[in-house]
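Subject: Structure handover

Hello,

Here is the structure for you to look over. My notes follow below it.

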Amino acid sequence: MPTVYSDERQLVQRAQHGDADAVTVLYRRHGPEIFRYFLFRVGDERLAEDLAGEVFLQMVQALPRYEERGVPFAAWLYRI
């Protein structure tokens, strides 16, 4: 049985190769936590939605350069 980590690694690899379904799964998996992160910090739902959307736009643009480094993918998203 694959671990969540290896499942995510496969999703990231698929997304890096242009698989839109994999990008969607990554968004659905991490979108709510990224949104809550911004909402806690800015206190405005619309602004938090905009900021979270920007993270995922930048994620798609940066995925070709993403390199697995043994840390959760979410850590990379938070750096964006």
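The structure holds four salt bridges. A salt bridge here is a side-chain nitrogen of Lys or Arg within 4 Å of a carboxyl oxygen of Asp or Glu. Before the details, two points on the source. This is a predicted model, so local features need pLDDT of at least 70 and side-chain atom pairs count only at pLDDT 80 or more, while totals for chains, interfaces and linings use all residues. Residues are numbered from 1 along each chain as its sequence is written, and side-chain values use heavy atoms, with hydrogens and water left out.

Salt bridges

D7 pairs with R29, with the closest N and O atoms 2.9 Å apart. This pair links distant parts of the chain: D7 sits in helix 1 (residues 4-16), R29 in helix 2 (residues 20-42), and 22 residues separate them. Helices (H or I, at least four residues) are DSSP runs, numbered from the N terminus.

R29 also forms a salt bridge with E8, at 3.2 Å between the closest N and O atoms. Again the pair links distant parts of the chain, from R29 in helix 2 to E8 in helix 1, 21 residues apart.

How exposed are these three? D7 is partly exposed, at 28% relative accessibility. R29 is partly exposed too, with a relative accessible area of 31%. E8 is buried, at 9%. The cut-offs are under 20% relative accessible area for buried, over 50% for exposed, and partly exposed in between (1.4 Å probe, protein chains only). Accessible areas come from the Shrake-Rupley method.

R69 and E67 meet in another salt bridge, at 3.7 Å from N to O. R69 is exposed, at 62% relative accessibility. Salt bridges with shared partners join D7, E8 and R29 into one network.

Nonpolar core

Which residues touch the most other members of the largest nonpolar core? They are I34, M59, L63, F73, W76 and L77, out of 18 residues in that core. Helix 1, helix 2, helix 3 and helix 4 (73-79) are the elements that give it two or more residues. Helix 3 gives the most, with six residues. A nonpolar core is a set of buried Ala, Val, Leu, Ile, Met, Phe, Trp, Tyr and Cys residues joined through side-chain atoms within 4.5 Å.

Negative patch

D44, E45, E49, D50 and E54 form a negative surface patch. Patch residues have over 30% relative accessible area and no salt bridge, and like charges are joined within 9 Å. Asp and Glu count as negative; His and the chain ends are not counted. The place of a charge is taken as CG of Asp or CD of Glu.

E45 is found in helix 3 (residues 45-62). E45 is exposed, with a relative accessible area of 52%. D50 lies in helix 3 as well. D50 counts as exposed, at 54% relative accessibility. The C-alpha atoms of D50 and F38 are separated by 9.4 Å, and the two residues are 12 apart along the chain.

Loops

Where is G18 found? G18 is in the loop between helix 1 and helix 2. G18 is exposed, at 58% relative accessibility. From G18 to L77, 59 residues apart along the chain, the C-alpha separation is 18 Å.

G43 is in the loop between helix 2 and helix 3. At 63% relative accessibility, G43 is exposed.

Best regards

Notes: Patches are made of residues with over 30% relative accessible area and no salt bridge: like charges are joined within 9 Å, nonpolar side chains (Val, Leu, Ile, Met, Phe, Trp, Tyr) within 5 Å. Accessible areas come from the Shrake-Rupley method with a 1.4 Å probe; for residues, only the protein chains shown count as cover.
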